[in-house]
Amino acid sequence: MQDSRNTLLRYFQRHFSHNGETAYVDRCGLRTVRWSYQQIGELAARWAAELAARKIMKGDRVLLWAENSAHWVAAFYGCLLRGAVVVPLDARSEPGFAARVQQQVEAKILLAGTILDSQGLFGDLPALSIDTAPPASWTADAVPAENLRPDDLVEIIFTSGTTAEPRGVCLTHRNLLANLVPLEKEIQKYLRWERLFHPVRFMNLVPLSHVFGQFMGVFVPQLLRGEVHFQNSLNPGEVIETVKGRRISVVVTVPRFLDSLKEKLEREVGPEVATKGAEEDATESGVQNGGTRAPERVSSPEESKRAQERPLYPERVQVAHAGRHFQLHPPEEESFLRRVWRWRHVHRKFGWKFWAFVSGGATLPASTEAFWNGLGFALVQGYGMTETAALVSVAHPFKPKKRSIGRALPGTEVRVAADGEILVRGDNISPGFWSGGVKPLTDAEGWLHTGDLAQPDEGDHLYFQGRKKDLIVTAAGVNIHPEDLETALNRQPEVRASAVVGVDGRQGPEPVAILLLKHPSGNASEPVEKANRELAQHQQIRRWLIWPEPDFPRTPTQKVRKPALTAWARSQVSGVEAAGSSQDGKEGAAALAVLIGKVTGEVPARTDRSLRLDADLKLDSLGRVELLSLLEDYYQIELDEAEITSALTLGDLEDRLHVRWSEDVRRDIVDEPASGRLENSKREPSEEAIPLDAGDPVHVSEQSPYPYPRWPLNSVVRWIRVMLFESLILPLARMLSRIEVSGIERLEALNEPALFVSNHVTYADPGVILAALPRKHRIRVAIAMDGERLRGWRHPVADTGFARQAGLKSFYYLAVLALNVFPLPQRSGFRRSFAFAGQVMDRGYHLLVFPEGRLTADGAVQPFRKGIGLLAAGLRAPVVPVKLDGLFELRQRRRRTLWAFVLRPGRVSVTIGNPLRFGVNEDPEVVTRKLEAAIGSLGRITNVID
């Protein structure tokens with residue numbers, strides 16, 4: 001092995017050699033996969049050997065274009081071992097941008113995720129999937145012929161390049177270690193306390209293609225021997241559930257997602273806050289949902305003095321709910337433990353192991369910082385950029401300074417110029433931009449001019465004041481910082497988001513506010529007027545515009561792309577119609593049509609609100625579920641499936657999204673059947689041999705949640721269920737019918753959780769199948785049941801009589817205890833049900849599903865719903881087809897009393913087919929048809945269970 005001193009290889013050799021602890025947890029479809037440090041090290045070595053076999057030498061560039069995953073980390077380290085230079089691309093990068101990057105770096109190979117179709121994009125550039133481990137093993141030739149040196153390049157990170165050619169920032173071993181070594185020294189001071197909370201689990205929501213995502217997803221966690229959990233979904237509800245379910249300690253994210261999470265808590269926790277917090281009305285002085293007015297940044301000595309006298313931190317934060325505002329006390333008024341106790345119901349949502357957010361990639365609003373600190377969570381932020389290898393300064397997690405971006409890291413020099421610009425010098429500064437080589441980016445004295453503005457205090461803490469290029473200098477020579485105006489606007493309850501840009505007016509440059517309102521028909525003049533009350537005279541907002549699309553254009557780290565907004569605002573102010581503005585909603589419809597095209601693979605030639613989602617845009621019911629995930633991730637909002645599944649046209653969909661963005665509009669759940677779903681709408685309880693229902697149809701409010709209990713997965717409950725089944729259900733099933741089984745030998749090699757798929761004949765089907773399975777399999781089976789019926793048992797409507805309610809709830813608990821059932825809804829809620837199915841399988845349980853969705857009417861196998869294809873592909877587990885015969889004849893008997901079955905038991909056959917496997921990217925329709933054919937081909941058998 002080569003000399004690794006003063007390079008990242010030293011860290012790799014130390015942490016990824018023989019450590020068997022969990023390093024990464026991936027989300028693969030509906031399942032989770034754990035990777036140990038040693039496994040990552042071994043996979044990285046195999047990638048290095050693969051690159052060596054393909055003649056990739058030290059200094060050659062390698063494109064790495066994939067989603068966050070453990071495979072990404074292993075491929076990154078494989079390039080590091082080989083001495084190749086990684087060129088990471090965000091998974092959502094446009095193909096044109098990726099092609100321009102390749103023109104600059106001339107990479108020798110592409111390492112990509114399986115979801116990426118790069119055929120023809122890079123000509124004859126060879127491509128490998130990082131999701132498929134290379135077959136090569138470690139050899140001596142896998143490392144570079146020459147030793148790595150501190151100034152050798154590790155990677156070239158490109159900016160988004162939306163308005164110009166991409167710029168690649170070169171980072172060396174020296175750059176990255178300059179920030180990593182000080183962090184390691186500080187962390188070592190607290191390692192003895194870390195043992196009490198080991199392992200520290202990080203959830204990384206930032207792309208690994210960004211240097212901030214790499215530090216918090218690749219480099220820093222290994223210093224704590226921590227776990228990194230990747231989550232590609234940015235749905236706030238899913239993130240909270242995952243944080244609690246996986247016992248996450250720290251969430252690494254960007255400010256925009258913290259705002260989305262804050263909005264969710266304001267909606268959901270508001271009623272609880274009313275009973276636990278101090279309620280007060282918003283005052284006319286402008287303290288609404290954010291605190292005191294923002295400090296003014298001006299140039300005159302008198303104004304500077306007044307600015308210093310104002311607090312830099314909000315004195316109060318208001319939680320807005322139903323037109324009321326509930327007060328959060330700032331940290332200095334309450335101790336940490338007091339805040340945790342006061343907001344224990346919020347901490348219970350996240351789980352008691354979770355304690356901190358790490359925010360980066362963009363400016364953190366003061367009101368957001370105050371909100372989370374006021375709830376008793378730590379919020380760590382810092383300052384840096386790609387050119388500084390992620391960090392310049394960082395706030396200490398245990399010694400926070402209000403609104404500060406921290407002190408400069410040891411070894412890094414920071415100077416604030418006369419005009420407020422931050423200048424940085426040190427080993428963390430990139431050697432330059434890539435331009436057929438390295439082009440220096442510092443001045444003659446080695447200072448990097450960041451273009452950012454800051455104000456230091458006496459303790460050398462820095463307070464960020466915005467981008468220098470965004471500074472608006474009026475005709476009167478007064479400086480206006482857009483961040484101050486945006487802070488005042490974002491405090492207003494009517495405003496969802498804002499961006500302030502400078503536009504030349506008749507009297508010179510002036511600020512123009514571009515607003516996203518929470519209510520689509522809201523009036524912007526009122527929130528602007530209230531914001532102006534908080535601002536100085538020279539900061540007054542006199543022009544504002546409503547952005548026509550659902551969200552601002554953003555970078556991969558969720559920064560607003562202000563150049564695009566500035567160009568649009570200038571055209572609006574000058575009276576020229578912008579290419580992206582309209583009053584008829586066509587642009588919002590166009591944006592939605594593009595997302596729909598990602599689902600269907602076909603972008604329509606025309607986009608208007610009258611297009612039908614099914615006939616014109618080819619969006620079926622399961623496609624709507626996929627669209628739901630795209631909408632939530634793209635706009636970082638949380639949607640109910642009924643809001644999407646009930647929309648008929650593109651205009652309907654856009655209107656429903658606008659309703660969702662409004663906090664004051666009540667969302668109605670629409671129960672409209674749609675074709676192609678897993679449904680069970682036709683019930684015939686009078687024809688069932690052994691009915692498991694409660695008799696009459698169950699009515700339940702659509703507002704009630706579907707129950708997803710975890711207590712049946714407990715080992716104690718499992719053995720109680722085994723005793724109930726063995727002593728009651730199994731003897732009864734064998735007494736009522738002779739169960740013949742065939743193909744049992746096909747399960748002998750089944751050593752992992754599987755998905756059992758069967759035709760649906762009676763409500764007794766689950767008991768019959770369980771009786772046919774070997775004992776080692778049947779004791780660990782979870783059964784998917786009609787979600788609406790199960791919800792009706794658990795949450796009967798309020799006007800149901802007491803005895804009836806008690807009976808329904810008894811049915812629910814009996815079914816869950818005895819058969820381990822979970823809901824599979826008919827109309828909406830598929831994603832939650834599928835996700836729960838994946839979690840159950842992660843616990844080692846088999847799943848049993850009846851994909852016909854209804855009982856057979858004539859005994860023949862009915863067409864399967866396409867949802868089973870989506871579930872089978874997402875679980876990445878063997879799928880076992882099961883065929884039931886004979887039960888339909890029992891349904892047809894005229895006399896079906898218990899005594900009649902005892903005297904003349906029927907013959908029921910269960911045929912088990914060969915296990916099948918499907919790829920996560922296989923077409924759900926194709927998977928569904930294959931399963932349907934597999935079950936249809938199974939026939940009767942003769943072996944009888946004793």
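Visitor: Is H71 buried or exposed, judged by its relative accessible area?

Guide: Burial is read from relative accessible area: under 20% is buried, over 50% exposed and anything in between partly exposed, with a 1.4 Å probe and protein chains only. H71 is buried, because its relative accessible area is 12%. This is a predicted model, in which local features need pLDDT of at least 70 and side-chain atom pairs count only at pLDDT 80 or more, whereas totals for chains, interfaces and linings use all residues. Residues are numbered from 1 along each chain as its sequence is written, and side-chain values use heavy atoms, with hydrogens and water left out.

Visitor: Where does H71 lie, and which residues does H71 touch?

Guide: Helices (H or I, at least four residues) and strands (E, at least two) are DSSP runs numbered from the N terminus, and H71 lies in helix α3. A contact requires heavy atoms within 4.5 Å; setting aside residues up to four places away in sequence, H71 touches D26, W35, L43, I130 and D131.

Visitor: At roughly what angle do the axes of α3 and α7 cross?

Guide: Each axis is a line fitted to C-alpha atoms, for helices over the stretch in contact, and the angle between N-to-C directions runs from 0 to 180 degrees. The axes of α3 (residues 70-82) and α7 (residues 211-223) come within 12 Å and cross at roughly 75 degrees. Angles under 35 degrees count as roughly parallel, over 145 as roughly antiparallel, 65 to 115 as roughly perpendicular and the rest as oblique, and α3 and α7 are therefore roughly perpendicular to each other.

Visitor: Which residues of α3 and α7 meet?

Guide: From α3 come W72, V73, F76 and Y77, which meet Q214, V218, F219 and Q222 of α7. By class, this contact has six nonpolar, two polar and no charged residues, where Ala, Val, Leu, Ile, Met, Phe, Trp, Tyr, Cys and Pro count as nonpolar, Asp, Glu, Lys and Arg as charged, and the others, Gly among them, as polar.

Visitor: How many residues of α26 are buried?

Guide: In α26, 10 of the 13 residues are buried, so the helix is largely enclosed by the rest of the structure; among them are F830, R831, F834 and M841. Just after α26, G844 takes a positive phi of about 95 degrees.

Visitor: How many residues has α16, and which of its residues are buried?

Guide: Helix α16 (residues 562-573) has 12 residues and reaches 16 Å from first C-alpha to last, close to the expected 16 Å. Its buried residues are K562, L565, T566, W568, A569 and S571.

Visitor: Which residues are in contact with A499, beyond its neighbours within four places in sequence?

Guide: They are E486, V512, A513, I514, F552, V560, K562 and L565. A499 lies in strand β27 (residues 495-505), and counts as buried because its relative accessibility is 1%. The C-alpha atoms of A499 and E486, 13 residues apart along the chain, are separated by 6.1 Å.

Visitor: How many helices and strands does the protein have, and what percentage of its residues count as buried?

Guide: The secondary structure comes to 30 helices and 36 strands, and 57% of the 946 residues count as buried. Among contacts between residues at least 6 apart in sequence, 72% join residues at least 24 apart.

Terms used:
Expected span 1.5 Å × (residues − 1).
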